[in-house]
Each structure stands twice: as C-alpha cells, then as structure tokens.
Amino acid sequence: MKNTTLKANITIHLFAIAHALTVIMFRHYNISDDIPLTVLTLVMVVGVGRIYRFPIDISAALALLLCFAGFYMGTKGAEMIACLAGGTLIPYANVICTVVVTELLGWATVFITSKQRNE
Amino acid sequence: MIDREGKKNGKFVWQTILLLVSVAVFRLLYVDVYEMLIAATHFSLVEAALSFFSNYWALFLSVVLDIAILSILYRYIPYGVMPFRRVALYFTGIIVNSLVGTLVIHSRLLFAEPITKVSGFMLLGTYITVVLFNVIVLLFADLLVYFKRTKKEVLIQSGKKHKVQYQYQQLKSQLNPHFLFNSLNVLDYLVQNDEKQRASDYIKKLAGVYRYLLNMGEYKIVRIADEMNFVRLYVDLIKERFIDGLEVTVDVPNEYMDKYIIPCGIQTLVENATKHNIVNAKSPLCIRIYVDEKEGKIAVENNLQLRVNAQSTGVGLNNINKQYQDIVGKEIDVLPSETTFLVKLPLIQAVKNTANVGAFEENAVSL
C-alpha cells in the first residue's frame, strides 16, 4: 500500500515538473504547447491508473474527462492569476498554473483509482 | 510461456498507445474547434450551454441517449476486456448523440433557411457544447457504474470468502479429533458396561450430528427448528461426557421455529461455552438458549467460570459475525459481563433464494 502511494507520489511530481519544463521550453520557442501537455496529462492519468491496476478503458475515459478539466482549469486559472495581478500576466503564471493543475489532476486520479483498490 | 507473456505485454502497450492517441486526437480536435470558434465568432461556451439547457427536448433526448449507450456498454462490453470497443462506443455515442441534440436545438435553422457561414458556426458552437455535456455525463456515469459494479463484485467475492472460511471452520469441527476421541471413549465406556441401548442411541446421535454437519455446511441459512434438533443431539452427546456438569435449557417458542439462522450458529456457541469454561458437577455450566423477542434475536447465555488456561482466538464468533454481515448485513451481539457471557444472533425473517436454505431430514435420527 505504502509502495503504491510512493509510486503515485513520484509519478505525479515528475509529471508536474515535466509539464512545467514543457511550458517553459515551448513558450521560449513560441510554439503551441497544447499537444505535448495533453499527451503528458494522458500518460500521467493512465500511468497512475496502472499503479492502482485500473482497467485501461476506464483509465482512457478518466483521462479524457481530466484532460477537459485540465484544459478549462489551466486556461481559466492563468486568466485568474492575470486578473489578480492587475490584468498583466505575472512571470511564470502559466508554469505555476500548469504545475498546480497537474498536481490536482494527478491526485484526483489517485483518489478515484485507489477507491477501487481500497474496496 | 515467456514468449506468450511478452506478446501479451506488447499487445497491452500497443493498445494503451492507440487508446491514448485516439483520446488525444479527440481532445485536441475539440480544443482546436473551440479556439477557432472563439477566434472567428464571439462564441461563449456558457451562453451555448445555457441555450442547450433551456431546450428541454434536446436535453432530455441527450440524457436518454446517454443512458441507452451506458446500458449497451454495461450489458455487452465488460470493463477491461475489450478496451477498443468500449472507447469506440464512447466516441461514436458522444458524436451521434451530440449531433441529435444539435439538430433538435437548431431544427429551424437547418430546414427553414439555407445554411450560411454564421449559422454553420452557430451549429458548430452548439455541437461542441453538447459534445462536452455528453462527454461529462457519459464518462462520469460510466465511472460510477464501474465503481458500483466493482463494489458488488467485491461484496460477492468477500461473501464467498467468508463462506469458505466458515465451511473450513465447520469442516475442522467435523473432523475435530478431540470431539471424535471423546465420543469414542464415551462409546467404549458404554459398551464396556454393557449399556447396549445407550450405546445404540449414542451412535445414532453421533451419526445425526455428522449428517447435519455434512448436509448443512453448504447452505447459507437453516430453519431454527432444524438447528435446535441438531443442538439437542449435540448436547445429548456432550452430556454423556459431562453428565451433571452441564445444564442446557432451551426456551424457544414454537412460533420462532420457522425463522432462520445460519447453520451451526447455536452449536458453535454451545461448543465455545464448554471449551472455555469449567464444566463439572460441583460448579455446573448452565447454558440457556432463548429468544429475545424485543430485539428479534436468539440468545445463548452461560455463566462465566473460565478455565485457567482458556485462550480464545475469537475465530468462531468472527466467522458467525461475517456470515451474518454477508447474508443480512447485521452484526451479532457479544455481551460479556462479570458473571455471564451472552451472544445474540439475529433471526432471519425472509427467504429470497430457497437454494440457500437447508432442510434437515428430521426423521433421519430418533431424538
């Protein structure tokens, strides 16, 4: 049990870092980060699902749901941070937002997938 | 063997990749269309959603179709077995269902006028809104159904496990060498003293006890009348050994004889009482079996005179408790006091499945 939680912890944090690095890198070269972020989120959700032995089709459904949630949370979150900073985007607002949203999605996945295991 | 395992792993990796790609494509297409609409028109997802929710026909139809897709998935595609079919049905269902919803909302726009660029954007905007709605409703509902199904399966499995554990305990008690040795010793004593009739009765009762154990072990519940007959046989057998050291009073009214109980529940409690307490003529062990009419339970109570080396693991009581949890979702009451030990077993009223009810042949053994 401890081992799986540790694995999930490491996976989520690593993916949060990967998301942050992707945003920084793609923004630096002025390329849209949509595709890599989506792929990273999908892989993270399925990966965490695998840790808790969640069926692949349900993981895919969950990944799709969480991807939509991530997209809206990410864009609205960045807008919110911008609003708080008086209309201008503060430095690294996207990075902060991406990391927070990735962690949220990761832990939401753990919460959902571990439910089955606990049962 | 390793080759087959490798092929299985390879297939799983490809399946996962393909599923991820299809999900990613769907999501990216959706976001692209959404962003294109925002750039080209003053599209607002909130406004489009409000317009969808205010059209009751479209909303009703979408929900009904979602439920239909869900029931097809539930019936024909088991979870984790055919991932592609399930995901394909998700997408097909969402795309078709959303199309129907959009057509219902914009039926006038479609048939009354020629489709312009503006109306095309409007249709697309409504469509992606309904798609989002269906994605959330269908996938979320499927997740809930999955958890409900898993929980049900887990409960069935745990019920089976508890039943097996209980049967194992029953089997152990059937083969309990102490009980058998003691019984044979008593029988030897009776034969040596030329008490033919008592010996014959004893053998019949012993056979009756074993017959009941063998027959009833596979059933979930038995009639109180059958269980009480069995308990009487069992008590008669152990009384031959303890003679005046054991007093068992049975006070179960006839109206309760057709209620149900788990097999060997009372016998296990009687056995436990004789196992953990001193039983001799000087300080007899008094066991009382009665019905607590207020609580609707059958109670087994004994005076407490614990043996010095008596060590209880609680396996017997735990097993009875698990059986009750699985069958009726109730717990047994274990109420020890300084002078007595009382256990109450819930009476089971209704019988849903007669296959789980054991019927003991009362005439098999003369009581």
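This is a predicted model: local features need pLDDT of at least 70, side-chain atom pairs count only at pLDDT 80 or more; totals for chains, interfaces and linings use all residues.
Residues are numbered from 1 along each chain as its sequence is written, and chains are lettered from A and ligands numbered from 1 in the order in which they are written.

Chain A contains four helices and zero strands, which gives the pattern α-α-α-α along the sequence. Helices (H or I, at least four residues) and strands (E, at least two) are DSSP runs, numbered from the N terminus. Of the 119 residues in chain A, 39% are buried; a residue is buried if 20 or more other C-beta atoms lie within 10 Å of its own, exposed if 12 or fewer, and partly exposed in between, with C-beta atoms placed from the backbone. Among contacts in chain A between residues at least 6 apart in sequence, 66% join residues at least 24 apart. Two residues are in contact if their C-beta atoms, placed from the backbone, lie within 7 Å.

Chain A also touches chain B, with 23 residues from chain A and 28 residues from chain B taking part. On the side of chain B, α1 (2–40), α4 (83–105) and α6 (117–174) each supply at least two residues. The largest share, twelve residues, comes from α6(B). This side of chain B divides into 20 nonpolar, four polar and four charged residues. Here Ala, Val, Leu, Ile, Met, Phe, Trp, Tyr, Cys and Pro count as nonpolar, Asp, Glu, Lys and Arg as charged, and the others, Gly among them, as polar.

Chain B also holds an open sheet of five strands in the order β2-β4-β5-β7-β6, with mixed pairing. Two strands pair if DSSP finds at least two bridges between them. The edge strands, each pairing on one side only, are β2 (246–251) and β6 (333–336) of chain B. Within chain B, strands β4 (residues 285–292) and β5 (residues 297–303) run antiparallel and are joined by six bridges.

Strand β6 of chain B includes B:V334. This residue, B:V334, counts as partly exposed because it has 14 C-beta neighbours inside 10 Å. Leaving aside neighbours within four places in sequence, B:V334 is in contact with B:L317 and B:V343. B:V334 and B:V300 are 34 residues apart in sequence, and their C-alpha atoms are 9.9 Å apart in space.
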